[in-house]
Every structure is written in C-alpha cells, then in structure tokens.
Amino acid sequence: MTKKNIRKGALDIMFAEWLFFGLAGLSVLGAIGLILFRHPMNGAMSFVVTLISLAGLYALLSAKLLFAVQLIVYAGAIMSLIIFIIMFLNIQEHDLPDEEGKGLFLLGGAVVITPIALFLYKIVKSLPGSDTKIIGNGFGDVREVGLILFKNWLLPFEIVSILLLVALVGAVVLAGKKGVGK
Amino acid sequence: MSQLDILLVLLRVAVGAFVPLCFIAVLVWLERRGAAFFQDRAGPNRANIFGFRAAGLVQNAADGIKLIFKEDVIPGHSAHKFYFVLAPLIVFFCALVSFAVVPFADTLVLEGKQYIMQGIPMDLGILWFLAITGFAVYGIILAGWSSHNKYGVLGALRASAQVISYEIPMGLALVSLLVVYGTINLNEIVHFQGKLLFGFIPMWGVVLQPLAAVIFIVSAFAETNRTPFDLAEGESELVAGFHVEYSAMKFALFFMGEYVAMFVSSSIIITLFFGGYQIPWLSTETLVAYAKPVSMLLMGLVPVAAALFCGWMMKNNKSHYDRPNDPRVREAKVYRIIIWMMVVVVEAVLVGYLLYAAGGAADRILVVLLQIVTFLVKTFMMCFVYVWVRWTLPRFRYDQLQLLGWKMLLPLALLNIFITSAVVVALS
C-alpha cells in the first residue's frame, strides 16, 4: 500500500510539474504578446492570459488566497477596466504613431539588456534544486494570511491602505468637474 | 482512487454541469409562463409533439432547433472576428463555471472518507464566485466592441459600467456577511445557518444580515443585467445592446449564459442568505439519525402530493370549448399515468431502503438526495423572484441606476460593515 501511495505521490508531482511548465509557458507567451501586438486590445488580452497563468502558478504553490486575489483584483477588476477604456477610446491601428527606427532601438535595447540577462541566467543556474511538496497546516489559506497580516504587519497594512485612499481621493479631485458648486 | 471515488467525482461534476444546463430550459419556460401569468394571459402552450405540450416546455425545444438551423452571421465589417467568436463563449463558460463551488448537499461521508458535494471540491467558496463573475465582463465588452456597431458599443458600455459598479456594493455586503460567518467556505456558511437563534429561528443570513441581503440581492440583479437593470439591452433604445450583431447559436450562448448566470446567482443567494441546502430545523445529523421516520413520512407525502397535483392538472388541462375527443384531456391522462408510475418507483425505492439498507451508508445517501432536492426547490423559488421582479418593475433610467449603486447601496454597505463589526466585537 505504501508503495502505491509513493507512486501516486510521484504521479501527482509529475502532473504538477507539467502544469507548471504549461502555465509558465503561457505566462511568458502572454507577456511577449503584450509587447509585440500592435493593437492595444490584443496586447491587453494577452496580458490577461499572463495574469491568469500567474494565478495558476500561485495555486500550484498552494497560495490559495493569492490565487483568488490575483483573479479578482488583477485579472478581474483592473484588466477589465483597462479593456473598458480601450473599448471606450476605440483606438485602431492607424491611430497609433509610426515607429521609425524600430530596428535601431531594438539593437540598442538588446545591447543594454544582454549583460543583465546573462547575470540573471547565472543566478538562476546557481539556484539549488529542491523538491516541492505541499506544506499544509493551512498555509496560504485566508485565515493564516489574515492572521499574519493583521498581527505582524498591521502598521504597513494600514499605511498602504491610507496611501491607496489618498490616490483615490486624488483621482476623484483630478477627474472632477472644474468650477462646479462655486 | 477506488471505484467509489471515481463514481463520486463523475457524479459531482455531472450535477455541477448538468443542473445549470437543465435549468436553462426550466428558466426560459418559467420566464415565459411567468410573464404570461403576470400579464393575465396563457403564454406559450401550443407547440407540441404528438399532442404532448409538457406545459409549454416543448416551445423551448422548438426555439432551440430554430436557433441551431439559423444562419450564423459574422459581420463582414468586424475587424476582430476572433473576439467576436470568443465573447459568447466567455460569457457562457464563466456563468457555468461559477456554479462549481456551490455546495448542493452536505459533505457525504462514505467508508470513512469525506466527499464535498460541489462541482470542484475546493474551499475558496465565495472568492471563486467573485473571481469568475468578474471575467464575464470581458465577454460583454468584447462582444460590443468587436461587433463594430454603435448600438453594440453603447450596450457594452452600459453593461460593463453597471457590472463593474455593482460589484463594489456586492463585495462590501459580502464583507459584513463574512464577518458574521467567520469563513469564506460556502459549506461552512451553510452549516452556520443550520443553527438556531433563540432556540427556534433558523440563523439564516437574511435574519442576521437583512441589510446585506437586500444589498446583495439588488446587486446580483444588476450583475445579471436583468430588469430593472437591463439598460444594457433596453430594446426601445439600443435594439438589443451588446449582442445586436449576433445570430443563431452565438446569440443562443448569450441567452443561455444569462439564464445560467441567473441560476447561479440564485443559488449563491440561497447559499448565503437562505440556508443553502438545509431543511429548516433539520440539520444533517438529525436527518441521518432519524432517517427511517423521515423516509416513512416521505412514503406518505409523495402519493398525497401526486394526487393533489394530478387533481389540479386534470381540472385545468382541458380545452376551453367543446372539442370531440379532447386531446388535452387525453394528454393529461397520459401525464397522470407517468406521474403515478414515478410515485410507484419512488415508493419501491423507499420500501427497498427500509427493508434492506436502512442504517448505514444508505441513510447518508438518502439525506444527500433530500438536500439536493431542497437546494433545487429553494433555488427555483429564488429564480421565480427574478422573474417576478422582471415583469413587475419598469426599467430605471441609466443615471438613476448609477446613483442607486454609488450613493445608496455603497454607503449603506459601508454602514452595515461598521455596525456588524461593532456587534460582533461586542458579543465575542
């Protein structure tokens, strides 16, 4: 029976690995699409693909709350607002500026990025390999994350929420009609 | 995985997928007959197969066949045909998948193993519902935008602005509710509502959080784009709104998606505020402990209900003028035979259960079946409320709709959170 269990565990891990590769590939593809598509709607939709696959990666790391928050906040709310704006402005391809000297910029960018990329590659290669396993004990659950957030990180949490509130008020003031009510 | 595991996985996925799909037909029927009822007319009652009209359900089959054989038009002027095809799929799929976390019965314990009775056995609960309904906006926006039609774009603008705005009061109403329940897991929420307040009132969400219930139900109506919030497709202004360019099965997907969304939000309302699958005053443990008397009671009640229903049907299902050999009476007689055959089957199963299987696993299975029936009945009643509101209230003006969302529901929801938290802190 134990042998069977071990085999089953190995199968699960293999399945999780395939899922990881699939989701990672999708998220990279989405990111590439975001910068290569010319039409803003295509770019936004490929970014949605990236965000959803990132949510899948969080789920693989048994961070359930983060998975849900990623879907609700980023993929659900923020991106739907961005797509809403793209629909609202109805930008077509002929509205976009011509990109002259694209090749030159690409070349320059590649030259700048290459050392950083090599550095990153070295870092990734030097990472020690280790097996992943499910941690358990409610890791990443709503309750656990909430407890940590409101016990150990209460002050930063409140400061961030005030920051967001300030940004919100600022946006309302900037967008509000001028001279109304005077 | 044992065979039992596989069987139960199949069963749960089947219920999670087929129940919403079957409810499309039921709800379309309910909508038409309900509309007719409120307007004092008969509704669709002529379409038949060999004289059998199934109270008008055959009309749905006729509509389905019509939609399948219609020409599937993709407008030539649309520059984004991929999104045009994708949009109805997103709407339908999101509506269907959001049902996956709603528990339709209590956790089934068989051979020492627990089986969570929902389409996908995970404990994200209400967060999953919020996440998936958020995606439905994409379908609406993409449909309106890729149609390249001004009515389509206007409808999509209205629909998406409305859905995005009403998500906020909905989420805030949920916050106060979660403060009370202390969990996001829908099954635990239903368990919580099985308790009794002062020893005799079931602690349903609507009793503990009436304000949150009103806010949530209003927002849920707005989220499903139904009257009085159906500005998105206001026929008199926008023809059909975001799906004006769609035809055949693509239109049908939007149409069915709307009804699936209505079913799912009814089931969520039931789960959050009306005790979910719980039969009032009878918790799962009580039911399992008293499975034998309950099944005997059922044996008595089922024939009585069938007799009452048959009597009502025989009285009403006849032509209103003299017809030789009235086909409607003949139809009703056939239905009567079918109903009594079903009653005999139910009785036989119950007798078999009492004689051979009582005590043990069969008790639990019986209770699960009872709870599924309760859940479906409750959800059906909530769906009727949707139909009721749709054919009773007129449409809002669009600015009134946004004002209601932002200036009424949002402050009320915030106030509710403060009051609820204060009470919860004071009581603990």
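This is a predicted model: local features need pLDDT of at least 70, side-chain atom pairs count only at pLDDT 80 or more; totals for chains, interfaces and linings use all residues.

Residues are numbered from 1 along each chain as its sequence is written, while chains are lettered from A and ligands numbered from 1 in the order in which they are written.

Chain A has six helices and zero strands, where helices (H or I, at least four residues) and strands (E, at least two) are DSSP runs numbered from the N terminus. Its pattern along the sequence is α-α-α-α-α-α. Of its 182 residues, 15% are buried; a residue is buried if 20 or more other C-beta atoms lie within 10 Å of its own, exposed if 12 or fewer, and partly exposed in between, with C-beta atoms placed from the backbone. Contacts are pairs of residues whose C-beta atoms, placed from the backbone, lie within 7 Å. Among the contacts in chain A with a separation of 6 or more, 55% are between residues 24 or more positions apart. A:Val28 lies in helix H1 (residues 2–36) of chain A and counts as exposed because it has 12 C-beta neighbours inside 10 Å. Its C-alpha atom is separated by 16 Å from that of A:Leu120, 92 residues apart along the chain.

Chain B has 15 helices and four strands. For its 428 residues, a compact globule would have a radius of gyration near 22 Å, and the 23 Å of chain B agrees with this; the radius is taken over C-alpha atoms, and the globule rule is 2.2 Å times the number of residues to the power 0.38. The C-alpha trace spans about 75 × 70 × 45 Å along its principal axes. In chain B, 40% of the residues count as buried. Of its contacts between residues at least 6 apart in sequence, 79% join residues at least 24 apart.

B:Ile141 touches A:Ile83, A:Phe84, A:Met87, B:Ala156 and B:Ser160, leaving aside residues up to four places away in sequence. B:Ile141 and B:Ala156 are also among the residues that touch the most other members of the largest nonpolar core, which has 124 residues. Such a core is a set of buried Ala, Val, Leu, Ile, Met, Phe, Trp, Tyr and Cys residues joined through C-beta atoms within 7 Å.

Chain B is divided into domain 1 (3–279 + 391–427) and domain 2 (282–359), with bounds from an automatic or database domain assignment. The domain centres, taken over C-alpha atoms, are separated by 31 Å. Seven residues of domain 1 are in contact with six residues of domain 2. The domain 1 side of this contact divides into two nonpolar, three polar and two charged residues.

Helix H13 (residues 327–357) of chain B has 31 residues that should span 45 Å at 1.5 Å a residue, and the 44 Å between its end C-alpha atoms agrees. H13(B) is followed by B:Gly359, with a positive phi near 75 degrees.

Most residues other than glycine have a negative phi. B:His148, in the loop between H4 and H5 of chain B, has a positive phi of about 55 degrees although it is not a glycine. B:His148 is partly exposed, with 17 other C-beta atoms within 10 Å. B:Ala248, likewise not a glycine, has a positive phi of about 50 degrees. B:Ala248 is found in helix H10 (residues 248–273) of chain B and counts as partly exposed, with 15 C-beta neighbours inside 10 Å.

How values were computed:
Two residues are in contact if their C-beta atoms, placed from the backbone, lie within 7 Å. Ala, Val, Leu, Ile, Met, Phe, Trp, Tyr, Cys and Pro count as nonpolar, Asp, Glu, Lys and Arg as charged, and the others, Gly among them, as polar. The expected span of a helix is 1.5 Å times one less than its number of residues.
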